[in-house]
Amino acid sequence: MADQQKIHPVSVPEPAQVAPLPKPTAPLVPRGSSRSENGDPERQQPAPPLKRSLTPYSPLKPPKKKRGCCVRCLCWSCCLFFLLIVLIGIAAAVVYLVFQPKLPKYSVDSMRITQFNLNTDTSLSATFNVNITARNPNKRIGIYYENGSHLSVWYKGTNLCEGKLPKFYQGHRNTTQLNVHLTGQTQNATNLLQLLSDDQQQGKIPLNIRVKVPVRIKLGKLKLMKWKFLLKCSLNVDNLSQDNVIRIRDNKCKVRFRF
């Protein structure tokens, strides 16, 4: 029979006694509250007051509008302006091609002096009758000569006499002869007569005739706005004697218009 195992009793050590916990010296924190890591918040010193900034208060600026709207408006304005210029150019081209406008032509045909003498107060009195021919070379354009015209005769910067053109209508391809009566008086004309006498001995007295006349152009049945014709004629005559035949040596007229 096999040897039986021997059982030896084992002594179990008694549990060590736990020392009681010391009583808390601080009040317990109630539930739902937090405890600061630096201790009891009631015993901490109050925080120092915040320093106020000395920067003045400025209200918030409103947000800037988007630039896209302004850019679109500017683009539309430029496009409309360009379109208007194109339309005006097309209309002007059509009018030019259909009516083929041409400036009228003028010439001074003759001149007669009924008064040209020196007065006792050294003033010069002059009365001229000037014949002017106006030609309208246009086929489809008529010209209305309105009131308010002014015509003057000048000699070396001195206005000798002045008058005005009559009011009339000049039709298509029409030639009109105008007789204009001019009168004037020049003060202190002693030196002026001496210059006239010197030029008359040479047989060449330069004169300038200036005309300013308001006109309205008629295109078919359409009557346009009022314009101004500015006419300047340069001519040389042989003399300025009273009641004498005056011969015009050369005659050149230029015309331009403005609104």
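Over residues 74-99 the chain is 100% helix and 0% strand, and the end C-alpha atoms of this stretch are 37 Å apart. Helices (H or I, at least four residues) and strands (E, at least two) are DSSP runs, numbered from the N terminus. UniProt, in an unreviewed entry, places the feature "transmembrane region" at residues 74-99; such annotations may be inferred rather than shown by experiment, and UniProt positions are given in the numbering used here, with feature names shortened. The model is predicted, so local features need pLDDT of at least 70 and side-chain atom pairs count only at pLDDT 80 or more, whereas totals for chains, interfaces and linings use all residues. Residues are numbered from 1 along each chain as its sequence is written, and side-chain values use heavy atoms, with hydrogens and water left out.

Two helices and 10 strands were assigned to the chain. Their order along the sequence is α-β-β-β-β-β-β-β-α-β-β-β. Of the 259 residues in the chain, 27% are buried (under 20% relative accessible area; exposed means over 50% and partly exposed in between, with a 1.4 Å probe and protein chains only). The accessible surface comes to about 20,500 Å², and 57% of it belongs to carbon and sulfur atoms; the areas come from the Shrake-Rupley method with a 1.4 Å probe, and for residues only the protein chains shown count as cover. Among contacts (heavy atoms within 4.5 Å) with a separation of 6 or more, 66% join residues 24 or more positions apart.

The largest nonpolar core has 46 residues, of which Phe-128, Leu-160, Leu-207, Ile-209, Leu-235 and Leu-240 touch the most other members. Strand β8 (residues 205-219) gives the most to this core, with eight residues. A nonpolar core is a set of buried Ala, Val, Leu, Ile, Met, Phe, Trp, Tyr and Cys residues joined through side-chain atoms within 4.5 Å. Beyond its neighbours within four places in sequence, Leu-160 is in contact with residues including Leu-124, Phe-128, Tyr-155, Gln-185 and Leu-207.

Val-213 is placed in strand β8 and is buried, at 4% relative accessibility. When residues up to four places away in sequence are not counted, Val-213 touches Tyr-145, Glu-146, Ser-149, Leu-165, Trp-227, Lys-228 and Phe-229. The C-alpha atoms of Val-213 and Lys-167 are 9.7 Å apart, while the two residues are separated by 46 residues in sequence.

Four aromatic pairs were found in a search of the whole structure. Rings of Phe, Tyr and Trp (its six-membered ring) pair if their centres lie within 6.5 Å; planes under 30 degrees apart count as stacked, over 60 as edge-to-face and the rest as tilted. The pair of Tyr-144 and Tyr-169 is tilted, with 4.4 Å between centres and 40° between the planes. Because Tyr-144 lies in strand β3 (residues 141-145) and Tyr-169 in strand β6 (residues 168-170), this pair ties together parts that are 25 residues apart in sequence. Tyr-169 is partly exposed, at 36% relative accessibility. The rings of Tyr-145 and Phe-168 are stacked, because their centres are 4.4 Å apart and their planes at 10°. Tyr-145 lies in strand β3 and Phe-168 in strand β6, so this pair ties together parts that are 23 residues apart in sequence. Tyr-145 is buried, with a relative accessible area of 1%, and Phe-168 is buried at 16% relative accessibility.

Lys-223 lies over the face of Tyr-144, at 4.0 Å from the ring centre. The charged end of Arg-210 sits over the ring of Trp-154, 4.6 Å from its centre. A charge sits over a ring if NZ of Lys or CZ of Arg is within 6 Å of the ring centre and within 35 degrees of the ring normal.
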